[in-house]
Amino acid sequence: MFKEKSSNKFRVIDWDWAINYTAEKFANTPAARSFFYSSGRSSNEAGFVLQMFARLYGTNNVTNCSYYCHQATSEGLGTTIGAGTATVELEDLSLCDAIFVIGANPASNHPRFIHKLKACRDRGGEVIVINPAKEPGLIKFALPKSMRSIITGGSDIASVYVQPNIGGDLALFKGIAKYIIENNHTAPSFIELYTQGYDAFLADINHTSWSEIEKLSGVAKADIEVMALAYARSKNTVFAWGMGMTHHLNGVENIEYIANLALMRGMIGASGTTARPQ
């Protein structure tokens, strides 16, 4: 199908015309001013062929949507824990007793993850959802594998659902950190042995008032405390997030702060814990 600039509709074209037209456009475009972009959902083989084509054409300006969407994750985790990718395996989702789902909607985009969230609830765990939008599938979800879930109108997913202001995530995370610190739920020995810069982190928290946190995050202190208490009670927590965290001017800072929340309780380096970008 092809639509010209001057037209408001598509027309059917044949493959010979399409290939010749594309080749002509490539021939008239400097390679250095081209950009090749692919879907992260395509096969490895298709991605390999695309990048080979790009390099033969004369450019290495190649990326895919997975890298673009989670480049902030790679940077944020790289500067905090030293690894730019997830620190958990799928099995860890079966071992944890709390899962934070931040800026993501697995009900639409990651149904396998939804089953893990439901399983966490079934074993008495907490699923804390942080999302400005109220996603119905994160409140209740009719699990395709469960006839009971379908018949009853869906299974409960979120045990806590918080809707911060768009862009208010850092303030919300500070609130969680502030509660953890004020109520002595940190892991002092882990912090001393495995982290750096905690004194500066602590000073910033101490100089940030609850009123400022509430104003910037758009979430009441009482609601933040509910989330923070669920985290404080947890023995194994996984933080999972989506593009609601990374597609911001402060996307890297968002991820760095999630890593800080994990580090302040030692939720890293053990089965059933810490970071998992969706």
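Visitor: Which residues does Trp17 touch, not counting residues up to four places away in sequence?
Guide: In this predicted model, Trp17 belongs to helix α1, which spans residues 15–27. Its relative accessibility is 32%, so Trp17 counts as partly exposed. Once residues up to four places away in sequence are set aside, the residues that Trp17 touches are Phe2 and Arg11.

Visitor: What distance separates the C-alpha atoms of Trp17 and Tyr194?
Guide: Trp17 lies in helix α1. Along the chain, Tyr194 is 177 residues apart from Trp17, and the separation of their C-alpha atoms is 61 Å.

Visitor: Why are Asp122 and Lys118 separated by about one helical turn, and what is the N to O distance of their salt bridge?
Guide: Both residues lie in helix α5 (residues 111–122), and because they are 4 residues apart there, about one helical turn separates them. Asp122 counts as exposed at 55% relative accessibility, whereas Lys118 is buried at 17%. Their side chains meet in a salt bridge with an N to O distance of 2.7 Å.

Visitor: Which residue forms a salt bridge with Lys174?
Guide: The pair links distant parts of the chain, with Lys174 in helix α8 (residues 169–182) and its partner, 30 residues apart, in helix α10. The closest N and O atoms are 2.8 Å apart.

Visitor: In which helix do Lys221 and Glu225 both lie?
Guide: The side chains of Lys221 and Glu225 meet in a salt bridge, at 4.0 Å from N to O. Lys221 is partly exposed at 30% relative accessibility, and Glu225 is partly exposed with a relative accessible area of 28%. The two residues are 4 residues apart, about one turn, and the helix that holds both is α12 (residues 221–233).

Visitor: How many residues are in the largest nonpolar core?
Guide: Nonpolar side chains tend to be buried together in soluble globular proteins. Ile102, Ile176, Met227 and Phe239 have the most contacts inside the largest core here. Leaving aside neighbours within four places in sequence, Met227 is in contact with Phe100, Ile128, Ile130, Val160, Val162, Leu172 and Ile176. A second, separate core has 21 residues, among them Leu143 and Ile157, whereas the number of residues in the largest core is 36.

Visitor: Which residues of the lining lie nearest the centre of the second largest pocket?
Guide: The lining receives at least two residues from each of α3 (65–80), α9 (188–194), α10 (198–206) and α14 (251–264). There are 15 lining residues, and those nearest the centre are Thr80, Thr195, Gln196, Asn260 and Leu263.

Visitor: How much space lies in the second largest pocket?
Guide: The lining of this pocket divides into 9 nonpolar and 6 polar residues, with no charged residues. The space in the second largest pocket is about 340 Å³.

Key. Residues numbered from 1 in each chain as written. Predicted model: local features only at pLDDT ≥ 70, side-chain atom pairs only at ≥ 80, totals over all residues. Heavy atoms only, no water. Core = buried A, V, L, I, M, F, W, Y, C linked by side-chain atoms within 4.5 Å. Buried < 20%, exposed > 50% of the residue type's maximum accessible area, 1.4 Å probe, protein only. Contact = heavy atoms within 4.5 Å. 1 Å grid on protein atoms, 1.4 Å probe; cavity = no way out; pocket = protein on both sides within 12 Å on 5 of 7 lines; lining within 4 Å. Points joined across faces, edges and corners; volume = space filled by probe spheres on them. Nonpolar A, V, L, I, M, F, W, Y, C, P; charged D, E, K, R; others polar.
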